[in-house]
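Hi everyone, thanks for making the time. I'd like to walk you through one model today, so please have a look at it with me.

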Amino acid sequence: RNLPDPWIIARLVTGITVSVLLTCAVGLAWRSAPDGHRGDGSEARLALERRAGLVATLVEAALVMLVTSLALTLLIADRLTGSIRGALCAWGVLSSVEGGFAAVWTSALAATACALWVVLHRLDLRLHTPRLTRCKLLAALVVAPIVWLDLAATARFVFTLDRSVIASCCSSTVDPRIAAFGAADVGPTRTLLALLALVAAVAAVAAAMWVGRAPGARSAWTAAASSIAACALSLPAVVHYVAPHVYQAPHFCPFCLLRSDAAGIGWPLFGAIFVGTALGVGLGVAEATRSASGEPQEVSALQRPLARWVAVAWTTALVIAAYPVARFALASHGASLFGLDGLWTGS
């Protein structure tokens with residue numbers, strides 16, 4: 001009953017296609033991995049490189065489709081709000097189905113895993129000998145199950161959707177729960193969270209710039225850890241602090257940020273956070289292979305442009321998140337949103 005929707009069909013097709021691509025990649029990787037240590041110029045090495053190149057093509061195509069799949073899952077949930085009573089945004093649709101949110105998180109996890117694999121592949125291409133080829137092929141065996149899990153979560157979400165249910169809207173479930181966060185001292189608590197996220201994001205930018213200037217173990221691992229910390233803090237900060245400034249009301253739903261009445265600010269914001277986190281961790285992945293690669297200068301050569309992308313991504317996230325806060329401050333002549341009388345009590 002859910003299949004006639006073209007968005008749902010598109011999501012299932014992309015999910016199945018990605019799974020087929022990764023299954024083919026696993027088959028090639030499994031047959032090629034035992035020969036991955038060969039470093040001579042033999043015919044076997046050339047055959048290995050061709051198979052490894054085909055695996056890389058499959059995984060890179062899967063990465064693009066996984067990012068598309070994640071967007072499709074969110075679009076499906078948003079478009080179905082008109083079909084499910086009580087759902088005002090994607091939150092209502094996802095919460096109406098057991099495992100609805102899992103379909104989003106598994107897609108994000110699978111896309112991250114593929115992105116990290118691509119970083120490893122790009123490093124392997126830089127090396128003069130295929131010392132990382134076997135490691136890269138074995139890593140594909142780890143990525144594939146995550147992609148299969150994503151397909152299973154998506155299928156569960158799609159086939160258990162029931163348009164006859166009455167869903168809970170974000171205003172009745174999310175807002176009251178989050179409004180209680182730091183209820184005794186609402187403003188300072190949320191402001192502290194936002195400041196911590198700001199510091200973490202700035203630290204991620206600074207660490208990435210450090211890698212760009214001086215690639216090495218300390219700078220790369222610092223950048224990776226900073227990106228993870230920035231992600232862990234920025235997501236709740238967006239919900240608790242940025243979102244209310246976008247709505248100029250005590251509304252905390254992250255999915256409403258994807259809608260046109262919020263100017264779709266969530267798409268570039270969450271996209272920048274994803275890129276900054278994935279590539280930041282990618283710096284650590286590249287650093288972990290420095291000794292095994294046998295060519296540390298090539299690791300550094302890869303880390304420099306990667307670090308620039310990390311810095312750009314986190315800077316972009318900072319600018320986008322700061323815009324609605326600055327806009328409100330200018331419109332209210334510097335008044336604090338959290339200090340407005342009656343705003344958080346509904347009076």
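Let's start with contacts, meaning heavy atoms within 4.5 Å. Of the contacts in the protein with a separation of 6 or more, 77% come from residues 24 or more positions apart. Before I go on, this is a predicted model, where local features need pLDDT of at least 70 and side-chain atom pairs count only at pLDDT 80 or more, while totals for chains, interfaces and linings use all residues. Residues are numbered from 1 along each chain as its sequence is written, and side-chain values use heavy atoms, with hydrogens and water left out.

Now the layout. The protein has eleven helices and zero strands, taking these as DSSP runs numbered from the N terminus (H or I, at least four residues, for helices; E, at least two, for strands). Of the 347 residues, 50% are buried; that means under 20% relative accessible area, with exposed being over 50% and partly exposed in between, using a 1.4 Å probe and protein chains only. The accessible surface is about 15600 Å², and carbon and sulfur atoms hold 68% of that; the areas come from the Shrake-Rupley method with a 1.4 Å probe, and for residues only the protein chains shown count as cover.

Next, helix H5. Buried residues in H5 include Lys 136, Ala 140, Val 143, Val 147 and Asp 150. As a reminder, an α-helix has 3.6 residues a turn, so residues three or four places apart point the same way.

What does Asp 150 meet in a salt bridge? Its partner is Arg 11, at 3.4 Å, N to O; the term requires a side-chain nitrogen of Lys or Arg within 4 Å of a carboxyl oxygen of Asp or Glu. This pair links helix H5 to helix H1 (residues 6-32), 139 residues apart. Asp 150 is buried at 3% relative accessible area, and Arg 11 is buried too, at 1%.

The whole structure has seven salt bridges, so here are two others that I liked. Glu 60 pairs with Arg 122, with the closest N and O atoms 3.0 Å apart. That one joins helix H2 (residues 43-79) to helix H4 across 62 residues. Here Glu 60 is partly exposed at 22%, as is Arg 122 at 41%. Asp 78 forms a salt bridge with Arg 259, again with 3.0 Å between the closest N and O atoms. Asp 78 sits in H2 and Arg 259 in the loop between H8 and H9, 181 residues apart.

Finally, the rings. A search finds three aromatic pairs, defined by centres within 6.5 Å for rings of Phe, Tyr and Trp (its six-membered ring), with planes under 30 degrees apart called stacked, over 60 edge-to-face and the rest tilted. Trp 91 and Phe 255 have centres 6.3 Å apart and planes at 55°, so this pair is tilted. Phe 101 and Phe 255 are tilted as well, at 6.1 Å and 40°. Together, ring pairs link Trp 91, Phe 101 and Phe 255 into a cluster.
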